[in-house]
Amino acid sequence: MSTLARTLRNLRQVGIRGYFRQLLYIGDTKAGTFIAKDRYGNKYYENVEQELPLRTRWVDYKDHEYSPYASPPTS
């Protein structure tokens with residue numbers, strides 16, 4: 001569960017449309033630095049300063065009917 005201050009900060013950073021899109025698809029609101037985009041169109045983000053511990057990285061999947069096999073393996 002997010003704190004009210006964190007939720008409002010993320011709302012200001014991602015905008016109202018991004019806020020509701022994140023709630024719909026990932027169930028949380030996050031704002032951070034764009035890290036990379038893979039060959040499948042998935043976008044990777046990171047925020048180590050303002051996010052809760054162990055929740056500092058996340059993926060915005062291109063297709064929201066995603067399969068775990070659509071992400072490239074980490075090496």
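Two notes on the source. This is a predicted model, in which local features need pLDDT of at least 70, side-chain atom pairs count only at pLDDT 80 or more, and totals for chains, interfaces and linings use all residues. Residues are numbered from 1 along each chain as its sequence is written, and side-chain values use heavy atoms, with hydrogens and water left out.

**Whole chain**

Zoom out. The protein has 1 helix and 3 strands. Along the sequence, the pattern reads α-β-β-β. Helices (H or I, at least four residues) and strands (E, at least two) are DSSP runs, numbered from the N terminus. Of the 75 residues, 24% count as buried. Buried means under 20% relative accessible area, exposed over 50%, and partly exposed in between (1.4 Å probe, protein chains only).

**Helix α1**

Go to leucine 8, also placed in helix α1. Leucine 8 counts as partly exposed, at 41% relative accessibility.

**The hairpin**

Select residues 33-37 and 43-46. These are strands β1 and β2, which pair in the antiparallel sense over 4 bridges. Two strands pair if DSSP finds at least two bridges between them. β1 and β2 form a hairpin with 5 residues between them. Click glycine 41 in the turn: its phi is positive, about 95°.

Now check the partners across the strands. Alanine 36 has tyrosine 44 in β2 as its bridge partner. Phenylalanine 34 stands opposite tyrosine 45 in β2.

**Strand β3**

Move to residues 57-60, strand β3. β2 and β3 pair in the antiparallel sense over 4 bridges. Colour β3 by face. Trp58 and Asp60 make the covered face, Arg57 and Val59 the uncovered one.

**Salt bridges**

Show the charged side chains. Side chains of opposite charge can pair when their charged atoms come close. A search of the whole structure finds 2 salt bridges, each defined as a side-chain nitrogen of Lys or Arg within 4 Å of a carboxyl oxygen of Asp or Glu.

Select arginine 21 and aspartate 60. Their side chains meet in a salt bridge (3.0 Å, N to O). Arginine 21 lies in helix α1 and aspartate 60 in strand β3, so the pair ties together parts that are 39 residues apart in sequence. Arginine 21 is partly exposed at 35% relative accessible area. Aspartate 60 is buried at 18%.

Next, select arginine 57 and glutamate 46. Their side chains also meet in a salt bridge (3.0 Å, N to O). Arginine 57 lies in β3 and glutamate 46 in β2, so this pair ties together parts 11 residues apart in sequence. Glutamate 46 also stands opposite arginine 57 in β3. Arginine 57 is exposed, at 65% relative accessible area. Glutamate 46 is partly exposed, at 23%.

**Last stop: the largest pocket**

Turn on a surface. About 240 Å³ of space lies in the largest pocket. The lining has 15 residues, of which Gly18, Arg21, Gln22, Tyr45 and Asp60 lie nearest the centre. The elements giving two or more residues to this lining are α1, β2 and β3. α1 supplies the largest share, 5 residues.

The pocket rules use a 1 Å grid over the protein atoms alone: a pocket is an open set of points where a 1.4 Å probe fits, with protein on both sides within 12 Å along at least five of seven lines, and lining residues have an atom within 4 Å of a point. Grid points are joined across faces, edges and corners, and a volume is the space filled by probe spheres set on the points.
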